[in-house]
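Colleague: I would like to learn how to read the features of a model such as this one, taking a single residue as a starting point. Could you go through it with me step by step?

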Amino acid sequence: DEDVSATREIAQREHEEAVQLNSFWLERLRQAAMSSRVPGEPPDKLLRWEELRSACLNELSVLLVQRVLAEKLAQAHANYTVVTLQPLPMSGACGSMAAAAEEALLRCAAPSLIHGQYAKEARG
């Protein structure tokens with residue numbers, strides 16, 4: 001119950017700080033103009049949202065949090081996929097890695113060998 005009280009106090013403090021910022025009000029006005037979740041004109045929506053926010057914080061309890069989390073976890077458990085990544089067999093993986101390493105070394109140490117310039121230089 002202490003965690004819920006602390007969370008409620010933090011949310012209230014953050015809200016009190018946010019309402020002092022222009023960006024908060026700009027976002028609220030944008031949401032009020034675009035939202036259809038609460039009926040009415042934007043000023044009415046702003047007032048209703050504040051009432052709903054206060055009611056939500058006041059109703060917050062350990063039992064409510066447990067119930068909501070149980071519902072969300074049940075939904076998450078019903079909608080998941082298990083993916084298992086398996087490595088390549090060692091012989092193939094080592095062979096490919098060895099070939100890649102050899103090519104990288106040739107490109108760095110002897111780029112002329114790759115482009116056939118070594119043979120021209122040896123003849124010339």
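Colleague: In which helix does L57 lie?

Modeller: L57 lies in helix α3, where helices are DSSP runs of H or I with at least four residues, strands are runs of E with at least two, and both are numbered from the N terminus. Please keep in mind that this is a predicted model, in which local features need pLDDT of at least 70 and side-chain atom pairs count only at pLDDT 80 or more, while totals for chains, interfaces and linings use all residues. Residues are numbered from 1 along each chain as its sequence is written, and side-chain values use heavy atoms, with hydrogens and water left out.

Colleague: Does L57 count as buried or exposed?

Modeller: The general idea is a scale of relative accessible area, on which buried means under 20%, exposed means over 50% and partly exposed is in between, using a 1.4 Å probe and protein chains only. L57 counts as buried because its relative accessibility is 13%, and of the 124 residues of the protein, 10% count as buried.

Colleague: Which residues is L57 in contact with, leaving aside its neighbours within four places in sequence?

Modeller: Contact means heavy atoms within 4.5 Å, and with those sequence neighbours set aside, L57 touches R8, A11 and Q12. Distance along the chain and distance in space can be read side by side: L57 and E9 are 48 residues apart in sequence, and their C-alpha atoms are 9.1 Å apart.

Colleague: How should I read the way two helices pack, and at what angle do the axes of α1 and α3 cross?

Modeller: Two packed helices are described by the angle between their axes and the distance between the axes. Axes are lines fitted to C-alpha atoms, for helices over the stretch in contact, and angles run from 0 to 180 degrees between N-to-C directions. Here the axes of helix α1 (residues 2-18) and helix α3 (residues 42-59) come within 10 Å and cross at roughly 155°. So α1 is roughly antiparallel to α3, given that angles over 145 degrees count as roughly antiparallel, under 35 as roughly parallel, 65 to 115 as roughly perpendicular and the rest as oblique. The contact is made by R8, A11, Q12 and H15 of α1, together with E50, R53, L57 and N58 of α3.

Colleague: At what angle do the axes of α2 and α3 cross?

Modeller: The axes of helix α2 (residues 22-34) and α3 come within 9 Å and cross at roughly 110°, which means that α2 is roughly perpendicular to α3. On the α2 side, R28, L29, Q31, A32 and A33 meet P42, K45, L46, W49 and R53 of α3. By class, this contact has six nonpolar, one polar and three charged residues, where Ala, Val, Leu, Ile, Met, Phe, Trp, Tyr, Cys and Pro count as nonpolar, Asp, Glu, Lys and Arg as charged, and the others, Gly among them, as polar.

Colleague: How many salt bridges does the rule count?

Modeller: A salt bridge is a side-chain nitrogen of Lys or Arg within 4 Å of a carboxyl oxygen of Asp or Glu, and by this rule the count comes to four. One of them joins E50 to R53, with the closest N and O atoms 2.8 Å apart; both residues lie in helix α3, three residues apart, about one turn of the helix. E50 is partly exposed at a relative accessible area of 30%, whereas R53 counts as buried at 18%.

Colleague: How far apart are the closest N and O atoms of the salt bridge between R48 and E51?

Modeller: They are 3.2 Å apart, and R48 and E51 are separated by about one helical turn because they are three residues apart in helix α3. R48 is partly exposed at 38%, and E51 is likewise partly exposed, at 48%.
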